[in-house]
Amino acid sequence: MGLITGLCTFFYHLPQIYKWLLKPYYIASFLMTVAFLLVRKAPGLCEHLATEREDGNSCDFDWREVEILMFLSAIVMMKNRRAITLEQHIGNLFLFSKVANVILFFRLDIRLGILYLVLCLAFVMTCKPPLYMGPEYIKYFSDSTIDEELQRDSRVTWIVEFYANWSSDCQSFAPVFADLSLKYNCAGLRFGKVDIGRYGEVSQRYRVSTSPLSKQLPSLVLFQGGKEIMRRPMVDSKGRAVSWTFNEENIIREFNLNELFQKSKKLNKGHGLKGEEQTSSQPEDGSNELHNDAPEQPIESKKDQ
């Protein structure tokens, strides 16, 4: 049953997987993931490799290699239990497969192990996962604009994500946050992001640690009237984040997005009706002046990196 479910999931996401295969990062990751399999099964090469099989067949896995691969499968399944998006599932598979390949290559031949380890280091230093560039309705802040934007209008509620481009968790969460912005964004409920890996002062000002050990990335903070109301994940007295799953259901429930969205729509409708009554009671000559006094809405922007 689990195999059938896995196959159905694979075929359902096949168009998205096909798009990934066109990106150099995923092509290189896939090749490095199957590197040991290719070396062990390559005709003309596998005959010269060491093996612990009783039949002496060096072109097939021995019992120790099978044991390592089975342990790898168990680790990937455990990590993927908390994965949210398909990108996280694939990322976990790539990461732990490379770790297993390092062990397998060193066990097979120390020279192959050193070569593969050097390739892994070069890959990490030169290849970065592609950033999410899909549709979204998010305002990107800098260190000089975040305070002014949050305090511009006390009626506007902001949900701000503090992230860093080097964090794989932030990259995986990007499409989830973008989808929420498309569903719930309105004039009274806005979504914003700030790269605290780029603006270090912002991380200190809003007490969001960029250390991988603190596990505070990404962090979602709800602001009303420029003041922080709540954040997820919460941080304990030792500065460590309390474990929390960043999926769409948890965010909607914890931040009461449905209720906030309904209140924001009612607030906007009330102000709109009031503005129409004032406009109708004023002479035409004053209509332009009244329009200019209306609060200016911040302009949405895409990524500014």
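In which loop does Asn256 lie? Asn256 is found in the loop between H11 and helix H12 (257-281), where helices (H or I, at least four residues) and strands (E, at least two) are DSSP runs numbered from the N terminus.

The structure is a predicted model, in which local features need pLDDT of at least 70 and side-chain atom pairs count only at pLDDT 80 or more, while totals for chains, interfaces and linings use all residues. Residues are numbered from 1 along each chain as its sequence is written, and side-chain values use heavy atoms, with hydrogens and water left out.

**The chain as a whole**

The chain holds 13 helices and five strands. Of its 305 residues, 39% count as buried, a term for residues under 20% relative accessible area, with exposed meaning over 50% and partly exposed lying in between (1.4 Å probe, protein chains only). Among contacts between residues at least 6 apart in sequence, 66% join residues at least 24 apart, a contact being heavy atoms within 4.5 Å.

**The sheet and a helix across it**

Five strands form an open sheet in the order S1-S3-S2-S4-S5, and their pairing is mixed; two strands pair if DSSP finds at least two bridges between them. Strands of a sheet pair through backbone hydrogen bonds, either parallel or antiparallel. The edges of this sheet are strand S1 (139-141) and strand S5 (227-232), each of which pairs on one side only. Neighbouring strands of the sheet are turned by 30° against each other on average, direction ignored; axes are lines fitted to C-alpha atoms, for helices over the stretch in contact, and angles run from 0 to 180 degrees between N-to-C directions. Strand S4 (residues 219-224) and S5 run antiparallel and are joined by five bridges, and Phe223 has Glu228 in S5 as its bridge partner. Helix H9 (residues 168-184) lies across strand S2 (157-163), strand S3 (189-195) and S4, and runs at about 160° to S3.

**A pair of helices**

The axes of helix H5 (residues 63-80) and helix H6 (residues 86-108) come within 10 Å and cross at roughly 160°. That makes H5 roughly antiparallel to H6, because angles over 145 degrees count as roughly antiparallel, those under 35 as roughly parallel, 65 to 115 as roughly perpendicular and the rest as oblique. Residues making the contact include Ile68, Leu72 and Lys79 of H5 and His89, Phe96 and Ile103 of H6. The residues of this contact divide into eleven nonpolar, five polar and four charged, where Ala, Val, Leu, Ile, Met, Phe, Trp, Tyr, Cys and Pro count as nonpolar, Asp, Glu, Lys and Arg as charged, and the others, Gly among them, as polar.

**Backbone details in the loops**

| Cis peptide bond | Omega | Loop holding the proline |
|---|---|---|
| Leu217 and Pro218 | about -5° | Pro218: between helix H10 (200-205) and S4 |
| Arg232 to Pro233 | near 0° | Pro233: between S5 and helix H11 (248-254) |

Arg207 has a phi near 55°, a positive value in a residue other than glycine, and its place is in the loop between H10 and S4. At 57% relative accessibility, Arg207 counts as exposed. Asn256 likewise has a positive phi, of about 50°, although it is not a glycine, and with a relative accessible area of 42% Asn256 is partly exposed.
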